[in-house]
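Dear colleague,

I am passing on the structure below, followed by an account of what was found in it. Please read the text with the coordinates open beside you.

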Amino acid sequence: MDSVGLKEKKFNRLITVVSVLVPIVVALLFGVKIPNVERLGFLPPIYASINALTAVLLVIAVWAIKNGKRDLHQKLMTTCIGLSLVFLVLYILYHMTSESTAFGGEGMVRYVYFFILISHIGLSIIVIPLVLKTYARAYLGKFESHMKLARITFPIWLYVAISGVVVYLMISPYYAS
């Protein structure tokens, strides 16, 4: 096996570990409440804004690569991964200091909310290995396979980013002050 193949094998192992551990750790931390600490109720609009910015940067990154701006594309995608990490940390901090907010809408809007929420959560788990594998392939110079996987990864990641904002907008009237 050549050095690129060995690196890819190591990346794939790491990606598998991260892709399994992140959802498990988030689920476990979701149930942990930090005692005697002020509720971080100011975080949801911040992490929703991070999702919105990520969505915009993903679209610009696709535009950049389609227009031959490879360096810009790489910088934007790296920024999107960094923003996703910041989102995750803020999301966990909020939920470790605050009780979950119940959606108060009724009727059809309730079904729409839960459809968006459940699809957002499910796809946010699926997108972790997709993003990491897509990024790793570009890093390794495997651009043909990078592009094939990116065609799958991009719309899922974009949906996760946008649906995160929609979920926030739909539940924000029900946040406790």
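The lining of the largest pocket is made up of 31 nonpolar residues and nine polar ones, with no charged residue among them. Please keep in mind that this is a predicted model.

That pocket has a volume of about 1,200 Å³, and of the 40 residues that line it, Phe-87, Leu-88, Tyr-91, His-120 and Ser-124 are the closest to its centre. Two or more lining residues come from each of α1 (3-30), α2, α3, α4 and α5, and the largest share, 11 residues, is supplied by α4.

The second largest pocket, with a volume of about 730 Å³, is lined by 23 residues, of which Ile-65, His-73, His-146, Met-147 and Ala-150 lie closest to its centre. Its lining divides into 14 nonpolar, five polar and four charged residues, whereas the lining of the largest pocket holds no charged residue. Helices α2, α3, α4 and α5 each give at least two residues to the lining of the second largest pocket, and α5 gives the most, with eight.

Turning to the packing of the protein, the largest nonpolar core has 24 residues, and Tyr-47, Leu-58 and Trp-157 are those with the most contacts inside it. The elements that contribute two or more residues to this core are α2, α3 (70-97), α4 (108-139) and α5 (143-171), with the largest share, eight residues, coming from α3. Another core, of seven residues, lies apart from it and includes Tyr-113, Ile-116, Val-167 and Ile-171. As general background, nonpolar side chains tend to be buried together in soluble globular proteins.

Leaving aside residues up to four places away in sequence, Tyr-47 touches Phe-87, Leu-90, Tyr-91, Tyr-94, His-95 and Tyr-175. Two of these partners, Phe-87 and Tyr-91, are also among the residues closest to the centre of the largest pocket.

Finally, there is Asn-51, which is found in helix α2 (residues 43-66). Is this residue buried or exposed? Asn-51 counts as buried because its relative accessibility is 9%, which is under the 20% cut-off. With residues up to four places away in sequence again left out, Asn-51 touches Phe-87, Ala-161, Gly-164 and Val-165, so that Phe-87 is a contact of Asn-51 as well as of Tyr-47.

With best wishes

Note on methods
Residues numbered from 1 in each chain as written. Predicted model: local features only at pLDDT ≥ 70, side-chain atom pairs only at ≥ 80, totals over all residues. Heavy atoms only, no water. Helix = DSSP H or I, 4+ residues; strand = E, 2+ residues; numbered from the N terminus. Buried < 20%, exposed > 50% of the residue type's maximum accessible area, 1.4 Å probe, protein only. Contact = heavy atoms within 4.5 Å. Core = buried A, V, L, I, M, F, W, Y, C linked by side-chain atoms within 4.5 Å. 1 Å grid on protein atoms, 1.4 Å probe; cavity = no way out; pocket = protein on both sides within 12 Å on 5 of 7 lines; lining within 4 Å. Points joined across faces, edges and corners; volume = space filled by probe spheres on them. Nonpolar A, V, L, I, M, F, W, Y, C, P; charged D, E, K, R; others polar.
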